[in-house]
Amino acid sequence: MSKALFFLRHYNDIDHISPIIYKWVDSGHKCDVILIGSARFRGDFRIEYLSKLDGVRVAHIRELLSPLEFIRWRLQMLLVSGSLRRSFIGPLVSGLAEIYDASKREFVWKCTSKHLLEHSFEGFNEGVVAFDWIERNSVISIEWVETVISMAHAKGFRTVSLPHGDSPHANQLIRRREWKVKPDNTFAAARMFDKLVVPNELCAGRFRPFLDSQAIAVLGSPRYCDEWLIKLTEILPPSPLVRSDNKLKVAIFLRKSNFTTFWEEVREVVQMIATFKGVEIVIKPHTRSGWKQSLTKDASLRRLSNVSIAGTDVHSAHLLSWADVIIDIATSVAFEAVKINKPVLAADYLHAGRSTIAEFMPETELRCRDDVYLKIERFLSNGCGSFYVEENRQRFLKEIIDVMGPDVLPRYVALLEEQVRTGST
């Protein structure tokens with residue numbers, strides 16, 4: 001029996017790493033899950049499920065540190081946060097960070113790291129510490145993560161970076177002010193881990209310029225593998241969405257606001273589809289930055305009787321189950337729809353990228369407004385069957401989801417076990 005410590009930050013981490021935690025304890029091991037983002041994720045249905053499993057302890061970092069320790073840790077996180085430095089108070093934050101420099105911050109980083117490692121590994125001489133893909137623009141300080149890693153190494157523990165998502169884009173230049181096709185230094189932070197795990201080679205390509213090949217493991221998708229999709233149906237809360245079988249139900253998933261999206265045309269497409277009789281549309285804002293997306297505040301859309309904005313109680317799995325058709329603006333959640341053989345319309349002309357789904361399955365691509373109209377008209381007239389070229393869909397599932405075969409989660413457990421053994425030697 002081995003021990004692991006998993007740090008989770010936000011919705012995407014929970015979504016993609018929960019399957020690994022489930023399989024880890026199902027294989028006879030123990031673990032701690034420490035939430036280092038919003039405390040509201042204590043109530044996430046996946047976290048509640050994991051907390052009831054034998055061998056799992058779940059806590060928010062606030063519960064494990066003294067009030068003073070937590071406040072100091074949190075203030076330092078804000079001080080070095082890239083998001084604050086990019087805001088209007090950026091110059092002030094940068095000035096404070098220069099005064100209260102890295103040497104002064106080191107004391108708090110070490111105290112909190114020591115406390116958390118001792119809490120999790122009391123009575124254990126070997127183990128593994130796992131974060132998600134911590135990048136240079138993450139809201140969690142790289143300084144602190146490096147300190148946790150250093151102190152874990154001092155105890156003989158190995159460290160692993162696990163997937164918090166996938167690669168919905170097949171191209172690189174997808175955000176504002178990205179103008180050069182070259183290795184993205186954002187991903188260089190992965191060098192601090194002993195092992196980086198990715199679901200597929202498309203994701204691995206981001207990191208290969210910065211890591212040795214033996215430091216990267218390509219293991220398949222824990223989130224969209226068969227075993228977890230079955231488990232997810234068992235633990236998912238009841239859906240607040242009501243199915244109406246006499247209507248074509250269309251779900252639209254939005255990306256984060258920092259990706260270049262052509263919102264004017266997205267609005268036009270929604271309004272056009274809404275003119276079809278017998279169509280119902282639900283728009284799902286991004287889980288972390290939906291409030292920044294102008295579409296969700298558009299009064300003209302909200303007035304449409306057959307268009308609604310999904311609330312926070314509507315999980316992506318709810319919407320995928322409810323929908324007949326998914327319009328994808330390059331989100332990896334649409335991968336699940338491909339897996340369960342529901343039509344995905346890859347709306348590549350609505351954003352500045354080439355979607356992975358369209359790259360593998362050209363029959364899904366929307367290249368203009370006419371394509372949208374004709375596809376919706378076809379679904380209304382002929383139904384949603386026989387949409388994919390099955391050879392293309394199978395290639396997508398093999399290369400993006402399963403990779404080395406459908407038994408994905410056992411491979412993640414084997415990798416973590418291997419890291420425990422390596423650390424102990």
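This is a predicted model: local features need pLDDT of at least 70, side-chain atom pairs count only at pLDDT 80 or more; totals for chains, interfaces and linings use all residues.
**Ground rules.** Local features need pLDDT of at least 70 and side-chain atom pairs count only at pLDDT 80 or more, while totals for chains, interfaces and linings use all residues. Numbering starts from 1 along each chain as its sequence is written, and side-chain values use heavy atoms, with hydrogens and water left out.

**Sheet.** I looked up the strand order first. Helices (H or I, at least four residues) and strands (E, at least two) are DSSP runs numbered from the N terminus. I found 7 strands in an open sheet, ordered S3-S2-S1-S4-S5-S6-S7, with parallel pairing; two strands pair if DSSP finds at least two bridges between them. S3 (56-60) and S7 (216-218) are the edge strands, each pairing on one side only. The twist averages 20° from one strand to the next.

**Strand pairs.** S2 (residues 30-35) is joined to S3 by 5 bridges, and Asp32 has Arg57 in S3 as its bridge partner. At S6, I counted 2 bridges to S5 and 3 to S7. Val160 stands opposite Lys195 in S6, and Val197 is bridged to Ala217 in S7. Which way do the S6 side chains go? Lys195 and Val197 point one way, Leu196 and Val198 the other, and all are buried (under 20% relative accessible area; exposed is over 50%, partly exposed in between, with a 1.4 Å probe and protein chains only).

**Helix H1.** H1 packs on the sheet, touching S1 (3-8), S2, S3 and S4 (128-131); contact means heavy atoms within 4.5 Å. Its direction makes about 170° with that of S1. Axes are lines fitted to C-alpha atoms, for helices over the stretch in contact, and angles run from 0 to 180 degrees between N-to-C directions.

I then checked H1 (residues 11-26) against H10 (residues 226-235): the axes come within 11 Å and cross at roughly 95°. The two are therefore roughly perpendicular (65 to 115 degrees). H1 brings Asp15, Ser18, Pro19, Tyr22 and Lys23, and H10 brings Glu227, Trp228 and Lys231. I get 3 nonpolar, 1 polar and 4 charged residues in that contact. Here Ala, Val, Leu, Ile, Met, Phe, Trp, Tyr, Cys and Pro count as nonpolar, Asp, Glu, Lys and Arg as charged, and the others, Gly among them, as polar.

**Ser167.** Ser167 is in the loop between S5 (158-161) and S6 (195-198). Is Ser167 buried or exposed? Ser167 counts as buried because its relative accessibility is 5%. A polar atom of its side chain lies 2.9 Å from the backbone oxygen of His169. Not counting residues up to four places away in sequence, Ser167 touches Leu202, Cys203, Arg206, Phe335 and Thr356.

How values were computed. A polar contact is a pair of N or O atoms within 3.5 Å; within protein, one must be able to donate a hydrogen and the other to accept it, and residues adjacent in sequence count only if both atoms are side-chain atoms. Angles under 35 degrees count as roughly parallel, over 145 as roughly antiparallel, 65 to 115 as roughly perpendicular and the rest as oblique.
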